[in-house]
Amino acid sequence: MLLSTGWDGCACRLRRRRTDDRGYFLVEALVLSFLLFGCAASVLVYQALAQNRASMEAEITAEYLAQEQLALIESKPASYLRTHSDLPWLGEGCAPVEKNRTKFEVVSTVLPHAATNGLAEAEVRVRWQEAGKGRETVRRKLVVYHD
């Protein structure tokens, strides 16, 4: 400690500055900036995961709708399949089908198989909009005509 005299002549005690406190604010600022960067990065990762989940959910729903439509086509009798080449949505509800806040358009065609008279080729297309882009899945199956 140092003693010095002030303007009025009294001796005042001066504090010594501790040298180990220097740079402490810089370390605090760096730690805080890393924490904020980590929070921002986790928000971006969460947003990307949410978009990926919604995309996969829509794709899986479209696959199930196509499978359901194919199963319903298989259950129709031969007289119905021979008279209808373009089929509407055969499941519950009306077209377009709305599932999980997404609208799906289901388009089906049934055409006689070229090689065999007892078979038909069924094709189901499921279309939906995702992030402004049109998405589509197509499923094909051979169906046996039955009464």
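Guide: Helices (H or I, at least four residues) and strands (E, at least two) are DSSP runs, numbered from the N terminus. By that count, Pro96 sits in the loop between β3 (86-87) and β4 (97-99). This is a predicted model, in which local features need pLDDT of at least 70 and side-chain atom pairs count only at pLDDT 80 or more, while totals for chains, interfaces and linings use all residues. Residues are numbered from 1 along each chain as its sequence is written, and side-chain values use heavy atoms, with hydrogens and water left out.

Visitor: What kind of peptide bond joins Ala95 and Pro96?

Guide: The bond is cis, with omega about -5°.

Visitor: Why is Asn100 called partly exposed?

Guide: Buried means under 20% relative accessible area, exposed over 50%, and partly exposed in between (1.4 Å probe, protein chains only). Asn100 has 43%, so the middle class applies. Asn100 lies in the loop between β4 and β5 (102-112), and its phi is positive, about 55°, although it is not a glycine.

Visitor: What makes Ala131 exposed?

Guide: Its relative accessible area is 80%, and the class therefore follows from the cut-off for exposed residues. Ala131 is in the loop between β6 (119-130) and β7 (133-144); its phi, near 55°, is a positive value in a residue other than glycine.

Visitor: How do you know which residues line the largest pocket?

Guide: A pocket is an open set of points on a 1 Å grid over the protein atoms alone, where a 1.4 Å probe fits, with protein on both sides within 12 Å along at least five of seven lines; lining residues have an atom within 4 Å of a point. Those that qualify are Arg53, Ala54, Ser55, Glu57, Ala58, Asn100, Arg101, Thr102, Gln129 and Glu130. Two or more come from each of α1 (24-75) and β6, and α1 gives the most, five. The volume is about 160 Å³, taken as the space filled by probe spheres set on the points, which are joined across faces, edges and corners.

Visitor: What makes a group of residues a nonpolar core, and which members touch the most others in the largest one?

Guide: A nonpolar core is a set of buried Ala, Val, Leu, Ile, Met, Phe, Trp, Tyr and Cys residues joined through side-chain atoms within 4.5 Å. The largest has 22 residues, of which Ile73, Leu81, Phe104, Val110, Val124 and Val126 touch the most other members. The elements giving two or more residues to this core are α1, α2 (78-83), β5 and β6, with α1 giving the most, six.

Visitor: Which residues are in contact with Ile73, leaving aside its neighbours within four places in sequence?

Guide: With contact meaning heavy atoms within 4.5 Å, the partners of Ile73 beyond those neighbours are Leu81, Leu87, Leu90, Ser108, Val110, Ala122, Val124 and Val143.
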